[in-house]
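Please keep the structure open while reading.

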Amino acid sequence: MLWVKAFHIISLVCWFAGIFYLPRLFVYHAACEDEPGRERFKIMERKLYRGITTPSMIATVVFGVWLISYNVSGYFSQGWMHAKLLLVAILIVYHFYCGHLVKVFRDDQNTRSHVFYRWFNELPVLILLAVVILAVVKPF
């Protein structure tokens, strides 16, 4: 179980690295005014989303489910786990919305300013804080 937990944490760290950096790329992409710069951001966004962030999300979910499988009834009897899984579901939706935004930028269809993406970038920070507190403190 400790190996599975270690790989769950490692994949979570990689996922969050991508989920923090990708919206930051959106900030810079939305503010970019030259064509070579925009093309460079498109490549960076695509590679980050497909090559790091999505595989890390999949690994995080797989290892998380594996951990839960050790004691399904025990985990699901605890309120903190329900809250944590809800936040993970929200983060997965956020992840796929980022994938949608990668396509929006790829197709030169972005209509939002860099300020929107600066705010958009903050949601995963709040989710991370809550998930870590729930998993470590188990407040309910």
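1. The model is predicted, and every value here is computed from it. Residues are numbered from 1 along each chain.

2. The largest pocket has a volume of about 610 Å³. Its lining is made up of 24 residues, and those closest to the centre are His8, Leu67, Met81, Lys84 and Ala135.

3. Four helices each give at least two residues to the lining of the largest pocket: helix 1 (2–31), helix 2 (35–69), helix 4 (79–106) and helix 6 (123–137). Helix 4 provides the largest share, seven residues. By type, the lining holds 18 nonpolar, three polar and three charged residues.

4. The second largest pocket contains about 170 Å³ of space. Helix 2 and helix 4 each supply at least two residues of its lining. Among the lining residues are Lys42, Arg46, Tyr49, His100 and Arg106. Here the division is three nonpolar, two polar and five charged.

5. Which residues of the largest nonpolar core touch the most other members? They are Leu22, Phe26, Leu91, Tyr94, Cys98, Tyr117 and Phe120, out of 28 residues in this core. Helix 1, helix 2, helix 4, helix 5 (114–120) and helix 6 each supply at least two residues of the core. Helix 4 gives the most, with nine residues.

6. Apart from neighbours within four places in sequence, Phe120 is in contact with Pro23, Tyr94, Tyr97, Cys98 and Leu101.

Methods:
This is a predicted model: local features need pLDDT of at least 70, side-chain atom pairs count only at pLDDT 80 or more; totals for chains, interfaces and linings use all residues. Side-chain values use heavy atoms; hydrogens and water are left out. On a 1 Å grid over the protein atoms alone, a cavity is a set of points where a 1.4 Å probe fits but cannot get out, and a pocket is an open set with protein on both sides within 12 Å along at least five of seven lines; lining residues have an atom within 4 Å of a point. Grid points are joined across faces, edges and corners, and a volume is the space filled by probe spheres set on the points. Ala, Val, Leu, Ile, Met, Phe, Trp, Tyr, Cys and Pro count as nonpolar, Asp, Glu, Lys and Arg as charged, and the others, Gly among them, as polar. A nonpolar core is a set of buried Ala, Val, Leu, Ile, Met, Phe, Trp, Tyr and Cys residues joined through side-chain atoms within 4.5 Å. Buried means under 20% relative accessible area, exposed over 50%, partly exposed in between (1.4 Å probe, protein chains only). Contact means heavy atoms within 4.5 Å.
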